[in-house]
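Work through these exercises with the structure open. Try each task before you read its solution.

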Amino acid sequence: MALASKQSQVIKKSFSWGYAVTWLLLAILIIITILPFWIALKTALSTPSSLFVNPGSLLPTDATLFNFRRALGLISLEESVAAGGSGQSINFLLFLRTTLIFTALIVIAQTFFSAMAAYAFARMKFVGRELIFFFYLSALMIPNIVLFIPNFILIKNLGWLNTMQGMVAPFFLMTPFAVFFLRQFFLGIPKSLEEAAKLDGASPFGTFWRIVLPISRTPLITLAILTSINAWNEFFWPFLVGKDEEVRVLTVALQIFRTQTPQGAPDWTGLMAATFLAIIPIFILMVVLGRQVINSLQFSGMK
Amino acid sequence: MGVKSYTRPKLEQSAWRRNLKLVFNQESLTAWLFILPSLIGFVIFFAVPAVRAFMISFTEWNLLRAPKNVGLDNYRELMTDPQFWNALKVTGLYVIYNIPLQTVIGLFMAVVMDRVTKSILVRGLLVLPYLISNVVVALIFLWMLDPLLGYVNAFLGLFGIDRQPFFGSVSQALPTIAGVNIWRHMGFTALLFYAGLQSIPKSLYEAATIDGANEWRMFRHITLPLLRPVTVFVLVTSIIGSFQIFDTVAVTTQGGPVNATRVIVWYIYENAFLFFKMGYATAMSVVLFLILIVVTLLQMRILRADSSDLE
């Protein structure tokens, strides 16, 4: 109550035309940001044949969940063609599963192995520490495409093209950013807890596992969020090594769906339904962990 | 004398032992075990491929037959390949369309946000496009900008503006791709600037107001200089990213119409994975790497990245 009245006081005090205009500008920017999502949803909710009727409308004509059911494979091909969809199908659930596995493998392994390395760089003394860390940092500068060609050749020679291990391999054990990010944090935590554990006879790995990881929950989650967003959205590498249907992630599936469209217009309503479904996990992440995501992103710029 | 000659070898031996201990003691063995997984990943997928890319660039290799050493031929070919020069030109133009507008809009957004709200919801909405994959964003805009049925053309029609081809025209395709990526990145840029704004002490503005400074002067003489570290970070990382534009092109125009959007990474991709000219493609990727290093160093120099304006 007290807080609310204080807030309204502040607003009253600071109301002015300048304030209103600034809010208006912000509102316009928010609308520009949101509108494309809305158009995608509106299209996904429209019947395929209604697109020609009123392209400028902000509301779906004859709203229906038909396209979502189609994208999820709940409707037979004949039915969908009869309703004006193209005969093309997108095996959404399979691609969703692949994307989930791809993301989970990368996030869990990369965070864990990078944390181990970062802890050694921050806390242990060994010959070559600075040199190796310098090499890790230098790798941040190399453009992806430089590494992707030799990496593609390696994966091909291993016979790992179109396998899950080939798709996650380059991101599995480390990225320079992950090691760098966690080392910065480990440097800042007090040593006293680890020293106490050492006196109690805990092994280095025991200390790392039972003391260091639990107290580093926040930066670990921060890194895991950044990594999962990147893995979920990764396109280039899976596009090079994982085009087969069984290992296709959503981004690659959507690109293939779009570029292999038969002559004529793509199946926009189906495509927008699949597109919107692909965004939903990010929406969920934002609703559940929004504050954490924003802090992670703000932090990524504060190195 | 006798004593000295007796102790000397002992000293030397212990020094040697100490060195050995430095490398092989308990702590460094543990440390090596801790970094081992990441080191394996680094060597296999970063260090070796970086060196290998350089080596492949001196060969002619289609992956079917053994690589043939051709010395500097690939680099010579680059110099006379009009497509390569076109790719550099298109990429440069793209960066010019993309970066200034994106940075200015991002800064504007941040200042506006800083004025009226600290709401995490507003920040969350504005940064949403950045969290969506390039592929999805490209598809949504491909649809919104469709020449016949797209929402944007219908909207322009309300004001009596003719239908625009956007991705389909030589003159509009590249600016359109830049526009799409400005939309995706402006909120994230704003978020970084916003975080930077929070670190500027409010007392500076109060003092300036007492001195009778107007809004613009405060922005020009307090905000901008104190935001420089953030600005450097934003510019350096977004320019490096912008030079490597690929995903949006792969989904929308695939280099066309004609050569209008054949950016450097797309052209490298075509050479490596469609024409199987591995040597030629890696040579171009090495050149791109060198260009990025030069651009980054120049920026650090121009923006005086190492000095701070606070104090």
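**Exercise 1.** In which loop of chain B is Leu63(B) found? Then decide whether Leu63(B) is buried or exposed.

*Solution.* This is a predicted model: local features need pLDDT of at least 70, side-chain atom pairs count only at pLDDT 80 or more, and totals for chains, interfaces and linings use all residues. Residues are numbered from 1 along each chain as its sequence is written, chains are lettered from A and ligands numbered from 1 in the order in which they are written, and side-chain values use heavy atoms, with hydrogens and water left out.

Step 1. Find the loop between strand S1 (59-60) and strand S2 (68-69) of chain B; Leu63(B) sits there. Strands (E, at least two residues) and helices (H or I, at least four) are DSSP runs, numbered from the N terminus.

Step 2. Read the accessibility. Leu63(B) has a relative accessible area of 16%, so it is buried. Buried means under 20% relative accessible area, exposed over 50%, and partly exposed in between (1.4 Å probe, protein chains only).

Step 3. Check the backbone. Leu63(B) is not a glycine, yet its phi is positive, about 75°. Most residues other than glycine have a negative phi.

**Exercise 2.** Where is Phe276(B) placed, and what is its relative accessible area?

*Solution.* Step 1. Look between H13 and helix H14 (278-302) of chain B: Phe276(B) is in that loop.

Step 1. The relative accessible area of Phe276(B) is 37%, so this residue is partly exposed.

Step 2. Phe276(B) also has a positive phi, of about 50°, although it is not a glycine.

**Exercise 3.** Is the peptide bond from Gly256(B) to Pro257(B) cis or trans?

*Solution.* Step 1. Omega is near -15°, and the bond is cis. Most peptide bonds are trans.

**Exercise 4.** At what angle do the axes of helix H5 and helix H8 of chain B cross?

*Solution.* Step 1. The axes of H5 (residues 120-131) and H8 (residues 173-198) of chain B come within 6 Å and cross at roughly 130°. Axes are lines fitted to C-alpha atoms, for helices over the stretch in contact, and angles run from 0 to 180 degrees between N-to-C directions.

Step 1. Name the arrangement. H5(B) and H8(B) are therefore oblique to each other. Angles under 35 degrees count as roughly parallel, over 145 as roughly antiparallel, 65 to 115 as roughly perpendicular and the rest as oblique.
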